[in-house]
Amino acid sequence: MSALLEVRDVSKSFGAVAAVAGVSLAVTEGRLHSIIGPNGAGKTTLFNCITGEVQPTAGRILYDGRDITGLPPHALPALGIARSFQRTSIFPTLTVAENVWVSAYARRETRGGPVLVPADRVEGVGETVRAALAEVGLAAHAERPAAVLAHGDQRLLDFAIALAARPRLLLLDEPTAGLSRQETQRVIAYIGTLKGRYTIVLIEHKMDVVMTLSDRVSVMYFGRLLAEGTPPEIRGDARVREAYLGKRA
Ligand SMILES: Nc1ncnc2c1ncn2[C@@H]1O[C@H](COP(=O)(O)OP(=O)(O)OP(=O)(O)O)[C@@H](O)[C@H]1O
Ligand SMILES: [Mg+2]
């Protein structure tokens, strides 16, 4: 199996802070690969390097065999890369459907080129929106303002927005952050249904979630890659345990 995403020896420093220091990982197509590590370990910065939010100080990012290092964030949906943020990125005053529409429409434009899109292609966007909302179970909320949704539903809307861009690779940054136990269960169950259909990189703190969902786990610690392996390997890794226990003790 080939790697859909390959991170090669990537580093990113902010002044004296080495947020990411020589991290490499390869994500096999169709797998769910989690990135864990204590707060400030560099997980989000690594995502930002992949998506062009920040420029890596060193290293390369390869996607589907192509060097995408330094491409701006807006170039990625057209390549099939979608990202959810640590904090929700919905437009609160737009309706639920409109939020998804923006994503589906943008994807259309980047493929077709021109700003003006023929009406039949816009209708195709409508179908994409309906399908994405049905998929996350928000069809009944389509015409409500996004702001009135419960937290868990807003997170599912984030997913619908990501899926409307018809990605191959999903980058999810702490999709359960700030959710209640019950909402977390719902979002986790949902991510479970995405497994195998998309290649997923998941940043997550909740260890039970990581161990249940992941095919592989990379552990970051102070910007570096501390360990990588299957969930049982990571659970049994003394260095990983020390990193976490050291932090929490
Ligand atoms: N734009 C920035 N400017 C300066 N320092 C930054 C910037 N972004 C991140 N950092 C620093 O880089 C380090 C890694 O931060 P990052 O947000 O990547 O960690 P994280 O693993 O995602 O943490 P968390 O689990 O809390 O989300 C931290 O020391 C952080 O303060
Ligand atoms: Mg983070």
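Two strands pair if DSSP finds at least two bridges between them. Helices (H or I, at least four residues) and strands (E, at least two) are DSSP runs, numbered from the N terminus. The structure on display is a predicted model, in which local features need pLDDT of at least 70, side-chain atom pairs count only at pLDDT 80 or more, and totals for chains, interfaces and linings use all residues. Residues are numbered from 1 along each chain as its sequence is written, while chains are lettered from A and ligands numbered from 1 in the order in which they are written.

**The sheet**

Select β3 (residues 32–36) and β8 (residues 199–203): these strands run parallel and are joined by 4 bridges. Within this pair, Ile35 has Ile203 of β8 as its bridge partner. Strands of a sheet pair through backbone hydrogen bonds, either parallel or antiparallel.

**The ligand shell**

Turn to ligand 1. Of the 12 residues around this ligand, Phe14, Ala19, Lys43, Thr44 and Thr45 come nearest; a residue is near if its C-beta atom, placed from the backbone, lies within 6 Å. Both β2 (17–28) and α1 (43–51) supply at least two residues of the shell, and α1 gives the most, with 3 residues.

Colouring the shell by class shows 4 nonpolar, 7 polar and 1 charged residues. Ala, Val, Leu, Ile, Met, Phe, Trp, Tyr, Cys and Pro count as nonpolar, Asp, Glu, Lys and Arg as charged, and the others, Gly among them, as polar.

**Two loop residues**

Select Glu174, in the loop between β7 and α5 (181–194). Glu174 is not a glycine, yet has a positive phi of about 45°. Finally, select Phe222, in the loop between β9 and β10, where phi is positive at about 50° although Phe222 is not a glycine. Most residues other than glycine have a negative phi.
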